[in-house]
Every structure is written in C-alpha cells, then in structure tokens.
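Keep the sequence and the 3D view side by side.

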Amino acid sequence: MEIGKVVMGALVLLLGLSGWSAASDPLHRRSKSVFPEPTPSSLINIVRSSLVFPLYGNVYPMGYYYVTLNIGQPPKPYFLDPDTGSDLTWLQCDAPCVRCTKTPHPLYRPSNDLVICKDPICASLHPPGHKCEHPQQCDYEVEYADGGSSLGVLVKDSFPLNFTNGLQLVPRLAIGCGYDQLPGPSTHPLDGVLGLGKGKSSIVSQLSNQGVIRNVVGHCVSSHGGGFLFFGDDLYDSSRVVWTPMSRDQHAHYSSGNAELIFGGKTTVSKNLQVTFDSGSSYTYFNSLAYQSLVHLVRRELSDKPVIEALDDQTLPLCWRGRRPFKSIRDVKKFFKPLALSFADGRRSKTHYDIPLEGYLIISLKGNVCMGILNGTEAGLQDFNIIGDISMQDKMVIYDNDKYLIGWTPANCDRLPKFKAAIL
C-alpha cells in the first residue's frame with residue numbers, strides 16, 4: 001500500500017536513540033578507498049545573513065518535497081530531499097557507483113577534497129572510539145525508516161550561495177558521496193538528501209561554524225504545493241512566533257518534548273506524547289495508543305454523518321466516502337474536527353500547535369477523504385510521534401539551534417519572502 005514517503009529521517013532518529021551510529025557496523029558492506037590525498041579547503045569571508053530556497057512537491061499525490069542546490073565547480077543542480085530528521089547531506093555519486101537509484105540529473109562527480117577520518121565532522125558520524133579503515137578518508141553509512149540506506153565517503157565541495165543581503169559566497173562544505181544506495185519502498189527520483197538536523201555534519205551547522213549564518217533552519221510548505229526553505233534568522237519577526245523549548249532529552253533531533261492531544265478543542269486521554277518535527281516525513285505518525293484513541297474519536301464523530309469507510313481506497317489506511325465525491329477539504333468541514341498539540345513550556349502557561357483539517361486530511365484521487373495521521377508503532381517508530389509535512393502546511397516552522405527553541409507561525413507559504421538577492 002502506497003502511503004507516500006515513510007519518514008526518510010525517522011529511522012535515523014531511531015538509530016540514534018538505540019545507539020547505532022552511521023558508517024562502521026561490521027555487518028554492513030566494507031568501505032573502499034576511492035580518492036587520493038585531500039587538498040586544502042578555501043576559506044570564506046564572514047557574514048551574517050540568511051539563505052532562501054524554493055521548495056517543490058506536495059504531500060499528495062507526489063508524497064515528497066525537494067529543493068534544488070547547485071554544487072561544485074562549475075556548479076551543477078541537484079534535487080535533494082530536505083530532511084530535518086537527519087544530519088548528513090549526500091548525493092548519489094559516480095565514484096564509481098556500485099548501486100544507485102534513478103536520478104533526475106547525472107550522478108555527482110566528486111571533488112578530490114576528502115574529509116579525513118580525524119575531522120570532527122567525521123567523528124560526529126561514528127560511535128566514540130571508532131577506528132577508520134582508511135585514515136585519509138571518512139567513510140559513512142546512514143539508514144532510514146523505510147529500509148533505505150546510503151554508503152559512501154565524505155568530500156568537500158563548493159556551494160555557490162546567494163544571501164538575502166545581496167552577497168554571494170562560495171563556501172566549501174562537507175557532503176556524502178554515496179556510491180552504494182539501497183532504496184526503500186518509498187524511494188523517489190531524487191539526487192540525494194539534504195540533512196537539516198542539529199549534528200555537526202548538517203549543512204546549516206557547517207555554515208554556522210564558519211560564521212556565515214546563525215544556526216537556524218526553517219521551512220514553510222504550502223497546502224497548494226511548494227513552499228520555501230531557509231537558513232538564518234532575518235526572515236521572521238520573532239515576537240510573532242509561538243516558541244517552545246527544544247527537549248534537552250533529544251539531543252539529535254527537533255523534539256519539543258511532551259504534548260497532549262486536543263480534539264475539537266477538548267482534552268483527550270493522549271498525554272505525554274514525545275513529539276519530533278520531521279520534514280522528511282510526508283505524513284504525521286502517532287504511537288499506537290494515541291493513534292487508536294484518535295481513530296476512536298474520529299469514528300465516533302462520524303457515526304451520525306453521511307460518510308462511510310471506503311475500504312476499497314488504499315491511498316491511506318483510513319478513508320471515507322460521501323454521497324458524492326469530495327473535491328476539497330472544504331467539503332468535509334462539517335464532518336471532522338480540528339486537532340491541536342498542547343506543550344508545557346516549563347512554566348504554568350502552555351503553547352498550542354494547531355492542526356486544522358488540512359493538517360491531517362487529504363482528498364484522494366478517488367474523491368474520498370483520508371486521514372494523514374498513521375500508526376507510528378506499526379511503522380517501527382516505537383513510542384515516538386512524528387509531526388510530518390502534512391501537519392506543518394501553511395506554517396513557518398523554525399528550529400533555532402542557538403537558542404534551543406522550536407517556533408511556528410501562520411504564513412503564506414505560496415509566496416517567497418522578499419529580500420535583496422536573487423534566489424538560486
């Protein structure tokens with residue numbers, strides 16, 4: 001059953017929690033030496049500004065979003081999956097490639113600028129005490145919730161970037177040259193993954209460490225499709241953003257701590273939910289108890305409404321048909337109730353993350369309404385709850401790694417923010 005992208009970043013989350021780290025498990029394929037000695041990286045000027053990139057795609061029917069990054073000298077375009085649930089950015093790579101999936105562009109031809117084993121970025125991808133098979137290069141391996149994986153080596157390459165203050169810089173950043181990919185069942189035709197997590201290997205962390213931007217990443221995905229991604233903090237008014245602290249218990253991922261599920265403005269039995277925001281997931285996932293509780297509430301609400309479950313519609317696990325095909329979410333507003341997540345902010349007050357009908361329902365190609373919140377326990381997420389793209393639509397969602405805050409505010413994600421420079 002096709003349910004869109006099955007949390008590209010989520011198993012990176014699970015693997016981190018279980019102590020598994022990318023790259024060196026002896027059960028995995030052996031690495032190989034593919035490049036000669038590294039050459040020195042160039043330095044860049046220091047500047048404080050932001051970067052904005054258009055997003056393409058949608059939750060349904062495509063089931064994924066992608067961003068275009070230009071990489072290399074001369075720069076070439078690559079379509080990447082923006083994933084706040086993982087750190088490492090990697091491209092399918094002609095090193096040569098052992099196994100690669102279909103890509104929209106020719107495979108990435110790596111630079112000769114290798115990241116060596118003792119580099120802190122390399123160390124962040126391995127467990128403590130890891131010994132490299134090839135000290136002059138950094139081997140990696142990452143796995144994802146759908147069973148997909150990428151094996152390769154880290155290289156540094158040029159990223160031509162246009163900043164919002166009009167400056168153009170070409171920093172050299174570490175990325176993965178993935179020469180052996182195992183696709184998961186939800187693989188899409190992309191060139192690689194753009195890791196946006198908090199780890200040292202993420203592009204945002206590297207730019208921040210070079211003094212180019214503050215360590216802030218955000219996105220705004222539109223319910224009409226598309227949107228934008230940004231790095232830095234000068235694109236929003238902080239006073240208009242609802243902020244909640246990042247969980248100190250989840251160092252590797254964007255978790256806002258425990259939440260309570262609100263259904264139709266009323267509290268529910270689903271409390272103390274460990275919630276993580278993950279742009280690499282098209283849909284939202286609740287643990288089994290919270291999911292079953294939500295399904296019970298929805299079914300009870302629909303019991304006297306003119307809809308019945310559409311068992312023949314396999315778009316998502318739960319779909320309902322009406323007397324005539326639905327054309328938009330507006331057609332079902334009388335039948336369903338909005339949701340919200342209530343977070344304690346460490347004081348007496350609470351912050352609410354509203355999930356309107358568009359944030360958890362889709363209209364299938366068959367004209368039925370389907371619930372875009374899935375059973376995370378069945379998907380292998382154990383007790384964790386993932387807020388995916390569907391529930392982040394029409395909001396600017398901001399991850400401030402300098403202040404350890406997650407924020408959100410309603411936004412028109414159909415229009416790119418105005419700034420001085422042209423967008424790449």
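Begin with an open sheet of four strands, ordered S18-S19-S23-S22 and paired in antiparallel fashion. Strands here are DSSP runs of E with at least two residues, helices are runs of H or I with at least four, and both are numbered from the N terminus. Two strands count as paired if DSSP finds at least two bridges between them. Strand S18 (308–309) and strand S22 (361–363) are the edges, each pairing on one side only. Strand S19 (residues 319–321) and strand S23 (residues 369–371) run antiparallel and are joined by two bridges. Across from Trp320 stands Val369 in S23. Helix H4 packs on this sheet and touches S18, S19 and S23. Its direction makes about 155 degrees with that of S23. That angle is taken between N-to-C directions on a scale from 0 to 180 degrees, with axes as lines fitted to C-alpha atoms, for helices over the stretch in contact.

A word on the model and its numbering. The model is predicted, so local features need pLDDT of at least 70 and side-chain atom pairs count only at pLDDT 80 or more, while totals for chains, interfaces and linings use all residues. Residues are numbered from 1 along each chain as its sequence is written, and side-chain values use heavy atoms, with hydrogens and water left out.

Now step back to the whole protein. It has four helices and 27 strands. Of its 424 residues, 60% are buried. Buried means under 20% relative accessible area, exposed means over 50%, and partly exposed lies in between (1.4 Å probe, protein chains only). The accessible surface comes to about 18100 Å², and 53% of it belongs to carbon and sulfur atoms. These areas come from the Shrake-Rupley method with a 1.4 Å probe; for residues, only the protein chains shown count as cover. Look at contacts between residues at least 6 apart in sequence: 72% of them join residues at least 24 apart. A contact is a pair with heavy atoms within 4.5 Å.

Which residues touch the most other members of the largest nonpolar core? They are Phe231, Phe277, Phe336, Leu341, Tyr353 and Met371, in a core of 90 residues. Such a core is a set of buried Ala, Val, Leu, Ile, Met, Phe, Trp, Tyr and Cys residues joined through side-chain atoms within 4.5 Å. Helix H4 (residues 288–302) gives the most to this core, with seven residues. Follow Phe336 next. Leaving aside neighbours within four places in sequence, Phe336 is in contact with Val298, Leu302, Trp320, Leu357, Tyr360, Leu361 and Val369. A second, separate core has 13 residues, among them Cys122, Cys138, Tyr144 and Leu154.

Turn to a loop. Ile390 sits between strand S25 (385–387) and strand S26 (395–400). Is Ile390 buried or exposed? Its relative accessibility is 1%, so Ile390 counts as buried. Beyond its neighbours within four places in sequence, its contacts include Val59, Tyr283, Glu358, Tyr360 and Gly372. Ser279 lies 111 residues from Ile390 along the chain, with 9.3 Å between their C-alpha atoms.

Finish with the disulfides. The structure holds six, each a pair of cysteine sulfur atoms within 2.5 Å. With bonded cysteines counted along the chain, the pattern is 1-8, 2-3, 4-6, 5-7, 9-12, 10-11.

Cys93 and Cys177 form one of them, with sulfur atoms 2.0 Å apart. The link is left-handed, at -80 degrees about the S-S bond. Cys93 lies in the loop between strand S4 (90–92) and helix H2 (120–123), and Cys177 in strand S9 (residues 172–182), so the pair ties together parts 84 residues apart in sequence. Both cysteines are buried.

Another disulfide joins Cys117 to Cys132, S to S 1.8 Å. It is right-handed, with 85 degrees about the S-S bond. Cys117 lies in the loop between S4 and H2, and Cys132 in the loop between H2 and strand S5 (139–143), so the linked parts are 15 residues apart in sequence. Cys117 and Cys132 are both buried.

Cys122 and Cys138 are also joined, S to S 2.2 Å. The torsion about their S-S bond is about 95 degrees, so this disulfide is right-handed. Cys122 lies in helix H2 and Cys138 in the loop between H2 and S5, so the pair ties together parts 16 residues apart in sequence. Cys122 is buried, with a relative accessible area of 1%. Cys138, at 0% relative accessibility, counts as buried too.
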